[in-house]
Amino acid sequence: MLALLYILISVLIGREVTELFLLRRVRETTGNRFWLLFPMAFGSGTLIVTWLVYAAAYIVEKITADRHPLFIANLIILLLSVLYLCIVYVWRKKTGRKLARKNWIQEERLFRKELIFFALLFLFILYMMFYVFRIKDGYLWAGFTVFSDYAPHTSMIRSFSVG
């Protein structure tokens with residue numbers, strides 16, 4: 001649940017940055033810019049929140065000499081992010097200012113078709129992922145369809161994920 005909250009707050013922070021810097025410069029185009037702007041909001045928001053968390057963790061570690069300061073840093077930054085978002089939304093409501101959110105989805109019919117396409121693509125990729133790799137009895141198994149350089153890459157990726 002906390003991970004979903006973290007992702008949601010990151011996307012909202014990224015949306016603010018994306019709309020602030022990008023939408024004023026982009027000319028009106030036809031089509032749906034959601035597929036461009038949502039990944040940008042996710043990427044920039046995650047990057048900003050993560051940078052702030054690591055900076056806060058460094059400060060917390062220096063102040064408290066705590067060996068594991070990331071939990072406290074995450075709490076601090078997420079609370080500050082929620083506070084910032086609340087202030088921005090209340091300020092917008094009082095001043096009547098709105099950002100150009102309506103430009104994200106301009107053609108709803110086309111957006112529904114695109115959404116169905118990407119959902120089917122996601123399901124296909126998910127099927128292929130579980131078809132090629134599976135975990136059984138604590139071992140990572142690669143399917144018979146995997147040849148060539150998958151084995152060394154898998155072991156290298158696994159060594160990074162283990163730490």
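# Close-up views of a predicted helical and stranded chain

**View 1. A nonpolar surface patch is formed by Phe117, Phe118, Leu121, Phe124, Ile125, Tyr127, Met128 and Tyr131.** Together these residues contribute about 820 Å² of accessible area, computed by the Shrake-Rupley method with a 1.4 Å probe, with only the protein chains shown counting as cover for residues. Patches consist of residues with over 30% relative accessible area and no salt bridge, with nonpolar side chains (Val, Leu, Ile, Met, Phe, Trp, Tyr) joined within 5 Å and like charges within 9 Å. Leu121, one of the patch residues, is found in helix H4 (residues 108-132). Leu121 is partly exposed, at a relative accessible area of 34%; the classes are buried under 20%, exposed over 50% and partly exposed in between (1.4 Å probe, protein chains only).

The model is predicted: local features require pLDDT of at least 70 and side-chain atom pairs pLDDT 80 or more, whereas totals for chains, interfaces and linings use all residues. Residues are numbered from 1 along each chain as its sequence is written, and side-chain values use heavy atoms, leaving out hydrogens and water.

**View 2. The chain comprises five helices and two strands.** Helices (H or I, at least four residues) and strands (E, at least two) are DSSP runs numbered from the N terminus. From the N terminus on, the order of elements is α-α-α-α-β-β-α. Of the 163 residues, 23% count as buried. The accessible surface of the chain is about 13,100 Å², and carbon and sulfur atoms account for 71% of it.

**View 3. Ten residues make up the largest nonpolar core: Ile9, Ile13, Val49, Val53, Ala56, Ala57, Ala73, Ile77, Leu78 and Leu85.** Such a core is a set of buried Ala, Val, Leu, Ile, Met, Phe, Trp, Tyr and Cys residues joined through side-chain atoms within 4.5 Å. At least two residues of this core come from each of helix H1 (2-21), helix H2 (34-64) and helix H3 (70-95). Beyond its neighbours within four places in sequence, Ile9 is in contact (heavy atoms within 4.5 Å) with Leu78, Ser81, Val82 and Leu85.

**View 4. Ile77 of helix H3 is buried, with a relative accessible area of 8%.** Residues up to four places away in sequence aside, Ile77 touches Val49, Leu52, Val53 and Ala56. The C-alpha atoms of Ile77 and Val53 are 6.0 Å apart, although the two residues are separated by 24 positions along the chain.

**View 5. Salt bridges that share partners join Arg15, Glu16 and Arg92 into one network.** A salt bridge places a side-chain nitrogen of Lys or Arg within 4 Å of a carboxyl oxygen of Asp or Glu; the count by this rule is three. Arg15, in helix H1, is buried with a relative accessible area of 14%. The side chain of Arg15 pairs with that of Glu16 (3.3 Å, N to O). Arg92 also forms a salt bridge with Glu16, the closest N and O atoms lying 2.2 Å apart. Arg92 lies in helix H3 and Glu16 in helix H1, so this pair ties together parts 76 residues apart in sequence. Arg92 and Glu16 are both buried.

**View 6. Arg112 and Glu108 form a salt bridge, their closest N and O atoms being 3.6 Å apart.** Both residues lie in helix H4, four residues apart, about one turn of the helix. Arg112 and Glu108 are both exposed.
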